[in-house]
Amino acid sequence: MSRSLRPLLATAVIFAIAYALAVLQFPAMFSTRVLGNFLTDNAFLGITAVGMTFVILSGGIDLSVGAVIGFTGVLVAVLISWAGWHPLTAFALALSIAAIFGGVMGLAIHYLQVPAFIVTLAGMFLARGGASVITQDSVPINHEFYDWISQLIIRLPGGGRLSFIGLLMVAVFIVGALVAHRTKFGSYVYALGGNPVSASLMGVPVARTTVAVYTLSSVLAALAGIVFSLYTSAGYPLAAVGVELDAISAVVIGGTLLTGGYGFVLGTFIGVMLLGLVQTYIIFDGTLSSWWTKIVIGALLFLFIVLQRLIFAASAQGEKAS
Amino acid sequence: MSSSEYALEARGIVKIFGNHVALDAVDFGLRAGEVHALLGENGAGKSTLIKILTGAYQPDGGTVLAAGAQVHLDNPQQAQAHGIGTVYQEVNLLPNRSVAENLFLGHQPTRFGLVRRRKMEADARLILKRYGLDIDPSSELGAHSVAVQQIVAIARAVELSGKVLILDEPTASLDRNEVERLFEIIRDLKAHGLAIVFITHFLDQVFAIADRVTILRNGKLVETRALDDMTRTDVVRLMLGKDVAFSGATGVEDARPMGEVLLDFANYGRKRSVHPFNLTIHKGEVIGVAGLLGSGRTEMARIMFGADAADEGTVKVAGKPASIARPTDAIGHGFGFCPEDRKAEGIFGDLSVRENIIIALQGKLGWFSALNRDEQMEIAGRFGESMDIRAASLDMPIKLLSGGNQQKVILSRWLATDPAFLILDEPTRGIDVGAHAEIVRTINRLRDEGLALVVISSELDEVVAYSSRIVVMRDREMVAELSGENINPGVIVQAIANHREGPST
């Protein structure tokens, strides 16, 4: 059908083939345990990538998300361990700060007409620097709330465990998909990515949508930071360095066009899972350097960019001929 | 004040940019159930007036009234809310979204905050049917032709606004049949009491569809009048404020001796682009290329210039076999090419007029013999004067110039390289009447100076006026070469249309 479905289909097929090959070599990879860990291990990346999907669909980019994760982790850890706050209060503050942070970036991008790349690059340095100003060390978190959360587990037959953070990621994806594909706000995001001039002439509230998109991205990055602190029970200012690039990769591998306007939130989910699969495979193999992950991600990214180029070029030709 | 003669009225509108008065106390009244043409040269203030009526600009003086009541239009949404919808020349919709979403964006039916896609698509289907479109509302808009997209844009504007429809050069990229289809829709909307503003550069279309006309010149209202008692000459005279000799002699059949052969294309073609053609071009002649949109006219120009490489046939330049596989080759042989899509392929929008003029010459000279600034200024100044380029300064970005002046700059760019052969693809499309006449004069002058030219144009009257021979394209094939008394619109139209009667030639 529509050409934007084709990259999504390609991602799904590649994931299925890759997973089947991995299972052929290591039958143990086909287990609820591995699948459960997939979700848990990639929860923070997945949540970040949902926000990144919105940003990229709108035609922008957000380089600050990794730094926001690091900042949130440190802030939460310090508030809980040093200041004695309850984690939920700390979470609320972290999410609010992120919302303001993202909102300001959105305002700058829209009103100052500065490219998102530059604004969010500045945001990245600010957030990362802010995290390091709070503390340079890794701050452990010991709180009964964290213990309680880590015990919220659904056990699956076969020894698998669905953790709270894994399920939270799935929930974020479902809500994200609904918002992107079924709400007016979602249609505005696609409109911006398709053609901002048309969008504004068609009555799309461009300023509001831009601000909302970057606010959403930062809030989800902060949520990912909270998830990361739940995952590691610590906060470290240099945590999640480069995660913004992993998130962008997952979005693009998931079939979203880097220039905006085409793509699916569900595709990003498959993209995240594909990245997780590569890592899991390398762990199973045990002899490969973990840097192979980067090489495979690089190859996949390249493949998908070429693939999208071909698909969109081919359909553009079809239009001209008809 | 509640009821009014006009669905939309502007009184004494003043708009000032810096120290330039774009609109000077302009009145404009639009009645329900009429098609009202808004005419003027580029820079006359048409687009400024439209932008005020659609809320994109705020006037510095005067008032806008909708249905007799004064309104403040701070943005396009407010204009929409007052029943004013607009369709622009370049379809301003979203090619990446479905037809239905393009119709309803911002007004999608929702339940609990979620868009009801089925209902939206069913509603869209009903609306599209009324506009004679039988397309799948869930299909991507970008998959449809420009004409269909234009109709979708009109449907959106009418459905969302419903009282006033402003059409800003909607026909610029449509072919004849598509224009006719659009006109049927406009007539139908008019019969339903819609008030329609129609802006175009095509006078034929004005006379075909409009009831009244408002003419602006230099930001001032010249006249608002019923079209019944006006002739084309009246309209042009009012637009230009002077008598212009618009049509030259028809047919260049003076027995001027033809120059020597400059170019000889033999069996020259490119697969899936242009069928092989034979064409000999002499110095001092203009070859007109006629044909419908998509007939292979532009493709022919592109392989002549090496923008696409020919994959069969040979070309001789001044008797010697040559290879023209890249524009650089062509420029080396003294070719120049003014492409059809000026914005995308012609100008460097952010560069100055001067830089736009010298760039081809600099390209020809190469990297290591840069023109210094004085030389650049001298060259740009010379052409600025001889081509009558109207720019406040040669150092201003070319994108701020009107279309006609941009075209003159691009012509100058090639003339600066002292070419032997120029290819002009639709050189007069979308430019105002004055610049139009200027370009036609320039074509004639260059021919007289011994240049060889190939000029592609949809305006038959124009092609006939300056061509010594006419090549007719159809279905990517050169189907006829006309000369002498065969150079008249009737014969050309027949050659273009021939295939309707069955296989020929």
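**Close-up 1. Helix 4 against helix 6 in chain A.** In this predicted model, A67(A), V68(A), G70(A), F71(A), V74(A), L75(A) and V78(A) of helix 4 of chain A meet M124(A), A127(A), R128(A), G130(A), A131(A) and I134(A) of helix 6 of chain A. Contact here means that C-beta atoms, placed from the backbone, lie within 7 Å; helices (H or I, at least four residues) and strands (E, at least two) are DSSP runs, numbered from the N terminus. By class, the residues of this contact split into 10 nonpolar, 2 polar and 1 charged. (Ala, Val, Leu, Ile, Met, Phe, Trp, Tyr, Cys and Pro count as nonpolar, Asp, Glu, Lys and Arg as charged, and the others, Gly among them, as polar.) The axes of helix 4 (65–81) and helix 6 (116–134) of chain A come within 8 Å and cross at roughly 25 degrees. That makes helix 4 of chain A roughly parallel to helix 6 of chain A. Angles under 35 degrees count as roughly parallel, over 145 as roughly antiparallel, 65 to 115 as roughly perpendicular and the rest as oblique. Axes are lines fitted to C-alpha atoms, for helices over the stretch in contact, and angles run from 0 to 180 degrees between N-to-C directions. The crossing of helix 4 and helix 6 of chain A is left-handed, meaning the near helix is turned anticlockwise from the far one by less than a right angle, while clockwise would be right-handed.

As for the bookkeeping, residues are numbered from 1 along each chain as its sequence is written, and chains are lettered from A and ligands numbered from 1 in the order in which they are written. Local features need pLDDT of at least 70 and side-chain atom pairs count only at pLDDT 80 or more, but totals for chains, interfaces and linings use all residues.

**Close-up 2. Helix 4 of chain A again, now with helix 12.** Here helix 4 of chain A packs with helix 12 (243–253) of chain A at an angle of about 130 degrees, the axes being 6 Å apart. V65(A), G66(A) and I69(A) from helix 4 of chain A meet V243(A), E244(A) and A247(A) from helix 12 of chain A. Sorted by class, that contact has 4 nonpolar, 1 polar and 1 charged residues.

**Close-up 3. Stretches of chain A that UniProt lists as "transmembrane region".** The unreviewed entry lists several of these, including residues 38–57 and 64–85 of chain A; positions are given in the numbering used here, feature names are shortened, and annotations may be inferred rather than shown by experiment. In the model, residues 38–57 of chain A are 95% helix and 0% strand, with the end C-alpha atoms 25 Å apart. For residues 64–85 of chain A, the figures are 77% helix and 0% strand, with 26 Å between the end C-alpha atoms.

**Close-up 4. Where chain A touches chain B.** Across this interface, 20 residues of chain A are in contact with 19 residues of chain B. On the chain A side, helix 8 (164–182), helix 9 (184–194) and helix 10 (196–201) are the elements that give two or more residues. Helix 9 of chain A gives the most, with 5 residues. The chain A side has 9 nonpolar, 8 polar and 3 charged residues.

**Close-up 5. An open sheet in chain B, order 6-9-10-3-11-12.** This sheet has 6 strands and mixed pairing; two strands pair if DSSP finds at least two bridges between them. Strand 6 (84–87) and strand 12 (220–226) of chain B stand at the edges with a single partner strand each, so one side of each has no neighbour in the sheet. The twist averages 20 degrees from one strand to the next. Strand 6 of chain B runs parallel to strand 9 (164–168) of chain B, joined by 4 bridges, and T86(B) has I166(B) in strand 9 as its bridge partner. Helix 1 (46–53) of chain B packs on the sheet, with a direction about 150 degrees from that of strand 9 of chain B. Helix 6 (176–191) of chain B lies across strand 3, strand 9 and strand 10 of chain B, at about 150 degrees to strand 10.

**Close-up 6. The hairpin of strands 13 and 14 in chain B.** Strand 13 (261–270) and strand 14 (274–282) of chain B pair in the antiparallel sense over 6 bridges, with L279(B) in strand 14 as the bridge partner of F265(B). The hairpin has 3 residues between the strands, and R272(B) takes a positive phi near 60 degrees.

Terms used: Contact = placed C-beta atoms within 7 Å.
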